[in-house]
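Subject: Structure for you to look at

Hello,

Here is the structure I said I would pass on. Please open it next to this message.

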Amino acid sequence: MATSPIVTIRPLAAKDEARWRVLWSGYLDFYKSSVPEAVYASTFARLLGDDAQDFHGMVAEQDGTIVGLVHYLFHRHCWRIENVCYLQDLYADPAVRGTGIGRKLIEAVYQAADKAGAPAVYWLTQEDNAVGRQLYDRVGQKTDFIKYARPA
């Protein structure tokens, strides 16, 4: 019987930048979006920064290769005393989808939120992200909120 590869979830590190860029580009492509080089550089620097208000990043590593990423941040909330956690970006390499990588990354954010005393974790996805939503329906609870944004 074949054994499943060992997956390690760990904080993003400076040495991960090249692979992080590949995965984050895949994430942006999935959402039919792109950002200029300055945003790549700024985002990576913020993910590695020590400002508590900046984003945090974790990666999923399998057989020495980073196969997934998650970005999240803690922020104040008018309805709570404690900070809440916003999971902004979650992406698994298409070659490992369906193997539990996304679930492990979400659960790692849940653990980080618990450690930080943040009782709520939330995220957004597009309505037509059927594959992602299958996972989200198992690890989260869909809300009735609808997102609005300032027109471009």
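Predicted model: local features only at pLDDT ≥ 70, side-chain atom pairs only at ≥ 80, totals over all residues.

Five strands make up an open sheet with mixed pairing, in the order β1-β2-β3-β4-β5. The edges are taken by β1 (7–11) and β5 (121–122); each has a single partner strand, so one side of each has no neighbour in the sheet. Strands pair through backbone hydrogen bonds, in either a parallel or an antiparallel way. For β3 (residues 65–75) and β4 (residues 84–92) the sense is antiparallel, with eight bridges between them. To find the pairing on screen, go to F74, whose bridge partner in β4 is C85. Helix α1 (residues 17–30) lies across β3 and β4, at about 70° to β3.

Helix α3
Helix α3 covers residues 101–116. Which residues of α3 are buried? They are I101, G102, L105, I106, A108, V109, A112 and A113. These residues lie on the same side of α3, because they cover an arc of only 155° around the axis. Just after the helix, G117 has a positive phi of about 75°.

L47
L47 sits in helix α2 (residues 37–48). Its relative accessible area is 7%, so L47 is buried, the cut-off being under 20%. Leaving out residues up to four places away in sequence, L47 touches L12, W20, F55, H56, G57 and H71. H77 is 30 residues from L47 in sequence, and their C-alpha atoms are 21 Å apart.

D93
D93 is in the loop between β4 and α3. Is this residue buried or exposed? D93 counts as buried, at 17% relative accessibility. Its side chain reaches the backbone nitrogen of A95 at 2.8 Å. Apart from neighbours within four places in sequence, D93 is in contact with R19, L23 and V67.

Regards

Note on methods: Residues numbered from 1 in each chain as written. Heavy atoms only, no water. Pairing = 2+ DSSP bridges. Helix = DSSP H or I, 4+ residues; strand = E, 2+ residues; numbered from the N terminus. Contact = heavy atoms within 4.5 Å. Axes fitted to C-alpha atoms, helices over the stretch in contact; angles between N-to-C directions. Expected span 1.5 Å × (residues − 1). Buried < 20%, exposed > 50% of the residue type's maximum accessible area, 1.4 Å probe, protein only. Arc of directions from axis to C-beta. Polar contact = N/O pair within 3.5 Å; in protein donor to acceptor, adjacent residues only side chain to side chain.
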